[in-house]
Amino acid sequence: MPILTKEEAQALMKKVLSYSKADECEVNLYGSDGGNIRYARNSVSTSGGVSQSTLVVSSAYGKKSGVATINEFDDASLAKVVKRSEDLAQLAPENPEFVSFLGPQQYADSKTYVESTAAISPKDRADAVATSLQIAKDNKQIAAGFLENSAGFSSMMNSHGLFAYNTATNVAFNVTLRTEDGKGSGYASKGYNDFSQLDVKKVTAVAAQKAGGSSAAKAIEPGKYTVILEPAAVAVLLENMMFALDARQADEGRSFLSKPGGKTKLGEKLVDERVVIYSDPLNTDLPTKTWADDGRPQEKITWIDKGIVKNLYYSRYWAQKQNVKAIPGPDSMIMQGGTQSLEDLIKGTDKGILVTRLWYIRSVDPQTILLTGLTRDGTFYIENGEIKFPVKNFRFNESPVIMLNNIEALGKPERCVSGESTNHYLLPPIKVQDFTFTSLSDAV
Amino acid sequence: MKRRDFLHLAGLGVGASVLQSVPLFGRDIGIEEALTPVDVALKKQMADVALNAAKSKGATYTDVRIGRYLNQYVITRENKVENTVNTESYGLGIRVIANGSWGFAATDKLDKDSIAKAAALAVQIAKENSRLLTEPVKLAPQKGYGEVSWKAPIEKNAFEVPIKEKADLLLAVNDAAMKNGANYINSILFLVNEQKYFASTDGSYIDQDIHRIWPTFTITKIDAKSGKFETRNALSSPMGMGYEYLQPNAKGKINGITTLYGDRYDMVEDAKAAAAQATQKVTAKSVEPGKYDLILDPSHLWLTIHESVGHPSELDRVLGYEANYAGTSFLTLDKWESKKFNFGSKLVNLFADKTQKGSLGAVGYDDEGVKTKQWDIIKEGTLVNYQAIRDQAHIIGLNESQGCCYADNWASVQFQRMANISLQPGKEKKSINDMIKGVEKGIYIIGDGSFSIDQQRYNFQFGGQLFYEIKNGKIAGMLKDVAYQSNTQEFWNSCVGIADQSDYRMGGSFFDGKGQPGQISTVSHGSSTSRFNGVNVINTARKI
């Protein structure tokens, strides 16, 4: 199925709803076209093109609900999928936490779709990879990378009159360059809604520079260090804190935001007062969808303001129970920073370590969001405002909450991609003191 | 589905609030439809359309996978069934070689024209990419098997068990936990049925039926006074089995400080124990960091084997194909070529096995039509082999693939994935108690917890579910805040004892992630309780 226009999607979903006999019915309709190319050992490896679409129908009788989906769109199939969801609803156990579908909502227009990006061909992807490979060859390095693009639409409609529609394009590119002797490795990653913003040459050159610069790293003792984290390294730490901003977990006493006696840290100062974290679907550098998958509008929400926990996200059920506004979880994260560049932060550092990437992040203790993981693909020792030499990789054990209490400086935010979740964020480089490295790794 | 999405979905460890908006990754269907496989003759027809279309466009090799992937999950918390979901994902993926390069395309439109169009796109991509090749793809020869089939040897198809029976079991599990002091419990039963059809220009038409099951839970205990909380996860394992896994018997249990499970799991009994143990954990002694001798239960050791042996011995990682994502490997070709690389102590024998009954990785044929088998990876402490697929076999001098190719969906391209990698039991007769007896200062670890390892698989850190201090050969009480850090080679060389075959049990992963775009895979790792001397233990308690 091609990408449907707003009117086409609306007409199709209206037809689906016309078959409904349930108390309530809600329809979600998605479709996407995409392609990818992967390369390694300076040669293309696997690549492909995938086209998929799905119609999801949710029916409810009282507090009994059922969901069925289909990917055929003739009238008989549409009637069948509605009937199937109704059958499931009638067989399902009653869920006391079921909440009626939403009524009509107002949504802002999103800025997530770029026409030219939807038209990327296998040739465009191969051309981009050829550019990247040339830089690897020029630097006598070995490249492995991945380029992926997609264009799609999502829409929803229900029997209470709600209608939502969005189109989005995405492109993601990441590349690792390694020196021929295997002693140096560098990585760079970028993602946009607009393919024309992606400079494959520039991104690959950054990886090449890190690979060359990280060769023959020295071992220094693990311990507590002043650390400058590039935005991609900040992303994988902070997203774990954002994933844990769920109100119910906090209210139930099983979150880092829980306090004794069923209380939470909502409204309390948690981290350094320079920390402001928010989400904004209309941000021009990081546009996201203006509605959540259950139809709630996505608005600009400040999660942490001057170090204080301002908002948590709620399921509609939990919000109703607690009698608060049901703020949905965000699609992205933006952290305010300063005006300094990464180079400025390095210049202002007497002794410290530059971390360009963190890897294999896992929660060690949800009570403190203690995380472990390792540095990867370029870690450097800084002395007297200059990068002096590459250092061997470390394992860290650190909590983003402790880290955000130890801030020395914030740089200028930039759009980055998490190497763990692949989510896109707008984050500054951060300089913190007493970052805890617990052991050394021989990995390059 | 990514592991994190699943955890969100199941409410295990993260916000349970997401349970109302289940991310669907397949087409939801009625259970009755899941029980009727797609007609083999129809699949052969579709496969032939794809094979012929690709050939006519210039492909020199083509394989087609027609997959019907069924999932069912029952999700509960405390006294509520939060969700019951049936999903189906059905479609066709075509992989070709044209101009010496791979190309792939997938479609969920299974009419003749759409299949031919996808075949043409796969060939177009291959030709477009061939200008970026350094050398053409070289496939190990593979004979065609004609029309064959393989079915997982399950005793009871879990999809045939009524939803109500499964929901009632989970509610009984939750009830047992709540009655024994738990504050919260999230439990889930996850079922998978892969109905896979493979056809290639080598002349194979292979129909397979694969089943997996994973019952699991997380129990939370909160100390109201201090606000501290502790969790204890199920000691079950995901298995390549039917519903028989959930029908406990005495043979499948090992009694000790806590009951441990083999190829049968008593979920209610485990939940009861877990609630008591989570309570005990709240007031347990925080570990003193330092060097300890570790006694590792198979419910824990599987994950250490997975990360430190399974991944570094994957040939695609060794060669650099995963350099941009999962990473490379310290087990470089020169170490294998030397035939002398000391991976572990003489006691350590690790083998790959794609045929092991009840394991997650067991299939008759892999996703490029290669019959599965067993082979050694580490022999008496020395690296002897890797895990390879058809386009890599020639690099390590093999004239056939080891059958490690897998794709997680019809829409994903198949590539090298981990075989079941297991530790051979010790030859001497030794029970768990015999293992503990000899330890002066140690920790006995049960269940898997936090895990992290570097991109070349040297440095790792693992947590667990239950930690018991061992003093002078006896268990001295429960510990908490325990994680151990080590280096793979150092760790396996510190292995000084392995219990015998009677203690051999499997653990496994339902969500092993690799590749770009990311794919998941399931894999089992068997072992008997093992001892590792002088391992560095850290304390993970912090104040925020």
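1. E21(B) and strand E24 (residues 482–487) of chain B run antiparallel and are joined by four bridges. Strands here are DSSP runs of at least two residues (E), helices runs of at least four (H or I), numbered from the N terminus; two strands pair if DSSP finds at least two bridges between them. The bridge partner of B:Phe460 in E24(B) is B:Ser486.

2. This is a predicted model, in which local features need pLDDT of at least 70 and side-chain atom pairs count only at pLDDT 80 or more, while totals for chains, interfaces and linings use all residues. Residues are numbered from 1 along each chain as its sequence is written, and chains are lettered from A and ligands numbered from 1 in the order in which they are written.

3. Strand E20 (residues 451–453) of chain B is also antiparallel to E21(B), with three bridges. B:Ser452 stands opposite B:Gln461. Five residues lie between the strands of this hairpin, where B:Arg457 has a positive phi near 75°.

4. From E21(B) (residues 459–462), B:Asn459 and B:Gln461 point one way and B:Phe460 and B:Phe462 the other, and all are buried (20 or more other C-beta atoms within 10 Å of a residue's own, C-beta atoms being placed from the backbone).

5. Between them, 33 residues of domain 1 contact 28 of domain 2 (C-beta atoms, placed from the backbone, within 7 Å). On the domain 1 side, E7(B) gives the largest share, six residues.

Terms used: Contact = placed C-beta atoms within 7 Å. Buried ≥ 20, exposed ≤ 12 C-beta atoms within 10 Å, placed from the backbone.
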